[in-house]
Amino acid sequence: MELTEIDDDIEAFLVESYENLNQIERDIIDLEKASVHKEALARTYRSLHTLKGNCGFLPFPKLESIAHAGENLLSCLRDRQLVITPQIISALLQTVDSIRQILSQIATTKQEGDRDYSVLITILNQLQSQGENTQAATTDEFIDLNSEFSPVSNLTASPHIRVNVNLLDQVINLVGEVVLARNQLIGFSTKFKDNNFAATCQHLSVITSQLQEKVMKTRLQSISTIWQKFPRVTRDLATASGKQVQIEMEGADTELDKSIIEAIKDPLTHLVRNCIDHGIELPAERVAAGKPTLGRLFLKAVHESGKVNIEIGDDGRGLDLEQLKKRSQQLGLVSAAQAAAMSDFEAINLIFLPGFSTAPQVTHLSGRGVGMDIVKSNIEKINGTIEIDSQQGQGTTFKIKIPLTLAIIPALIVTSGGDRYAIPQANLQELVRLEAQAQNTIEMFYDVPVYRLRGNLVPLVYLNQVLQHQNSVTDLEILSLVIVQVDNYRFGLVVDTIEDIQDIVVKPLGKQLKALSLFAGATILGDGTVGLIIDVGGLGNVSGITAKQKQQLLSENTTNNQEQTSDRQTILLFAGPENAPMGIPLAIAFRLENILSSAVEKVGNQYFVQSYSRVLPLIELDKVFSHNHQHYLDDQVAQTLQIIIVSPNSELSVGLIVNRILDIVEEPLTIKGVASRPGIAFCAVIRGQITEILDIEAVIRIANPHLLQLTTHG
Amino acid sequence: MVEQQICTFFLKEVYFGIDVQHVQEVIRPQAITHIPLAPSDICGLINLRGQIIAVIDLQARLKMSEPQTQLTTKPVDQPEGFNMIVCADDEVVSLLVDQVGDVLQFPQNTLQPPPATLKGRMRQMLAGAYPLSDGFLLVLDPKKTLNVNLTE
């Protein structure tokens with residue numbers, strides 16, 4: 001908090017100082033004109049005095065010394081102890097240049113910098129004394145002074161005022177209303193067919209469009225708002241880690257919406273730290289690799305077709321793909337077969353998996369080891385994307401694409417029950433139009449309608465049913481599917497009609513509807529009516545399709561042969577609740593057992609059984625997946641239980657109570673579908689039958705999350 | 001003497017009022033977009049000069065409508081009555097009322113507790129009542145009326 005306050009103080013100080021400097025500079029030039037110099041002198045003295053006084057509140061001793069020396073000289077001039085000479089004018093102008101130099105340094109680094117200004121101060125002090133010998137000496141030193149100073153670019157603070165963001169939002173709303181009125185007028189002009197009226201409407205249309213464009217620009221800020229702190233971050237990190245790094249910025253004036261800038265601030269900072277901490281090598285290492293000792297960190301930003309492209313990169317060691325694969329296997333994120341089949345692109349993307357971190361130890365510089373998955377999810381929250389381009393030994397570049405503003409998004413307009421709804425394009429995968437005969441491809445899978453889309457099973461959600469429209473039409477000749485994706489699972493949304501994609505302005509629903517998770521917000525459509533924006537994640541929850549699909553590590557571009565090889569697994573098949581076909585990879589099935597129900601003991605709410613001198617927690621799959629479960633363990637009748645002992649990790653083993661163990665098969669899982677419900681990793685066709693493959697950790701979490709916590713603390 | 005200005009309205013011939021400070025404007029019925037799965041006392045959303053505002057069926061919120069709802073089934077798309085745009089707690093909503101009356105002025109010290117015959121939700125949302133020659137003017141508390149967490 002204190003740091004933030006200091007930053008704000010510095011910002012205010014800089015704004016005022018630049019204004020004072022501009023005035024001082026103009027007044028010094030005026031000093032050479034005899035007719036006005038008296039007034040200019042007094043004003044210059046006051047401005048410099050103010051600047052010196054402001055330094056007292058902030059730790060800028062050099063700036064204060066320079067201002068003080070300049071002030072003393074001006075005081076002598078004001079009191080007519082000295083006559084204005086060209087030497088004095090030059091010294092004062094150089095004082096202004098030096099002050100501007102320091103202000104620029106402060107603006108960039110919040111510090112004064114290492115430059116030595118004692119010569120200037122000495123000259124200013126000497127000029128206060130009189131005598132021919134002193135003047136002659138001063139003239140000589142001026143030559144040295146001139147050669148010392150390099151030209152300073154004129155950095156002038158542009159005139160601006162602070163405007164409350166709420167006020168801007170209100171103006172934006174009003175402009176939106178003007179747009180609607182214009183649209184209605186254009187409708188009228190078509191009817192009236194009056195040339196003068198049509199010309200006036202055209203004129204109004206042009207003005208309105210320009211007004212809207214200008215108003216939207218008021219919310220934009222340059223990305224330098226974030227970047228201006230990176231040189232300091234870079235210097236501190238490099239110094240602390242014993243590295244040498246220079247930072248280059250290109251496109252600092254690229255503009256984004258204020259809310260977008262707030263959202264990407266942390267991800268960008270994290271990436272910069274990542275480049276310095278893990279990317280750029282130590283100087284000795286760089287020399288050995290034939291690189292300059294000075295590492296290069298670059299930032300680029302550019303507008304491109306309605307989006308902003310940001311690149312953060314380094315010329316460091318790059319990503320070691322083999323190391324990434326090895327570590328992923330150690331962490332249990334991928335199997336050896338999957339790692340072997342990966343393309344380079346897929347291997348690079350491993351660092352985005354939750355729980356992945358290549359840092360051998362967490363350093364205080366990179367924070368608490370926040371992984372790249374957090375960076376990715378933060379960027380995706382604002383409908384952005386991130387990619388990595390890395391060449392081992394040459395460097396790594398992070399490429400981010402983000403929308404210009406959060407307020408306006410492209411959305412697909414669909415209808416359901418006579419009303420129009422907007423689906424954000426970010427969730428949109430594809431549109432499918434099913435003719436009458438093609439609708440036979442819709443099948444029921446465990447009470448869920450699914451559609452086979454190029455070999456993949458896609459669960460279907462009927463928007464009419466979810467929205468509880470009374471007049472839902474069930475016998476449509478043509479079925480319109482919108483394939484949507486959220487997080488890692490997707491489903492097909494059945495709508496009445498699909499209209500078009502429009503740019504919509506997102507507005508919040510307000511407190512009265514905050515409990516409603518089905519809609520992400522609302523918007524005003526072209527005819528002035530309100531349309532609701534569907535929250536695809538919320539829709540998935542409400543409709544019951546909430547299971548998360550496991551990370552799709554294999555690219556769709558993998559050849560069929562490779563795919564077949566990598567997907568061939570040994571699966572243990574069993575009958576789950578209500579005799580649903582289920583399976584688990586045999587690799588994690590530790591042992592199969594038959595035990596008597598009388599051997600089961602209940603401790604608290606958890607059932608245990610002693611097995612091979614270990615206490616084994618039991619999980620009834622019926623309770624996890626079925627509402628009408630049988631009470632195996634509650635019955636007093638003694639019976640034999642079929643148990644699969646699984647070990648999700650080396651510290652935890654649990655027993656799964658299943659109805660019946662069917663078989664062990666080795667099959668290529670070439671036909672895969674999305675997860676059908678919580679606890680299922682994915683669905684696959686095995687022996688011509690749709691089989692649910694368990695997600696063991698999810699099952700344990702559903703049954704008793706405490707079991708997982710025990711291993712975490714262990 | 002401190003006086004309170006009350007914007008008055010009718011719900012099923014019951015006389016209500018709300019402090020004019022909280023009343024932004026009163027407008028004619030607007031095209032309402034229905035919200036599926038919304039609470040039953042939310043009629044929908046309207047577009048008020050670029051601002052999207054939720055419309056609250058005040059009868060439903062005050063739970064006045066149980067006996068009559070079964071008799072009359074009104075289409076939600078074309079509600080009768082007026083939209084009273086109300087501001088409270090930095091929130092702007094529209095209250096759907098049957099009729100709008102005059103703006104009346106009362107000495108503030110004449111405000112009384114609501115009549116004892118009023119129970120339940122309606123009583124919770126009232127700030128008090130002003131006596132009239134032929135009954136009472138029931139004064140709404142805007143914050144409580146808009147409080148979505150208020151339970152009976």
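Chain A has 22 helices and 30 strands. Both are DSSP runs, numbered from the N terminus: helices (H or I) have at least four residues, strands (E) at least two. This is a predicted model, where local features need pLDDT of at least 70, side-chain atom pairs count only at pLDDT 80 or more, and totals for chains, interfaces and linings use all residues. Residues are numbered from 1 along each chain as its sequence is written, chains are lettered from A and ligands numbered from 1 in the order written, and side-chain values use heavy atoms, without hydrogens and water.

Of the 714 residues in chain A, 44% are buried. Buried means under 20% relative accessible area, exposed over 50%, partly exposed in between (1.4 Å probe, protein chains only).

Now the rings. Over all chains, the structure holds five aromatic pairs. Rings of Phe, Tyr and Trp (its six-membered ring) pair if their centres lie within 6.5 Å; planes under 30 degrees apart count as stacked, over 60 as edge-to-face and the rest as tilted. Two of the pairs are tabulated here.

| Pair | Centres apart | Plane angle | Type |
|---|---|---|---|
| B:Phe10 and B:Tyr15 | 4.6 Å | 15° | stacked |
| B:Phe106 and B:Tyr130 | 4.3 Å | 5° | stacked |

B:Phe106 lies in strand 8 (residues 99-107) of chain B and B:Tyr130 in strand 9 (residues 126-132) of chain B, so their pair ties together parts 24 residues apart in sequence. B:Phe106 is buried at 9% relative accessible area. B:Tyr130 is buried at 0%. B:Phe10 is partly exposed at 29%, while B:Tyr15 is buried at 18%.
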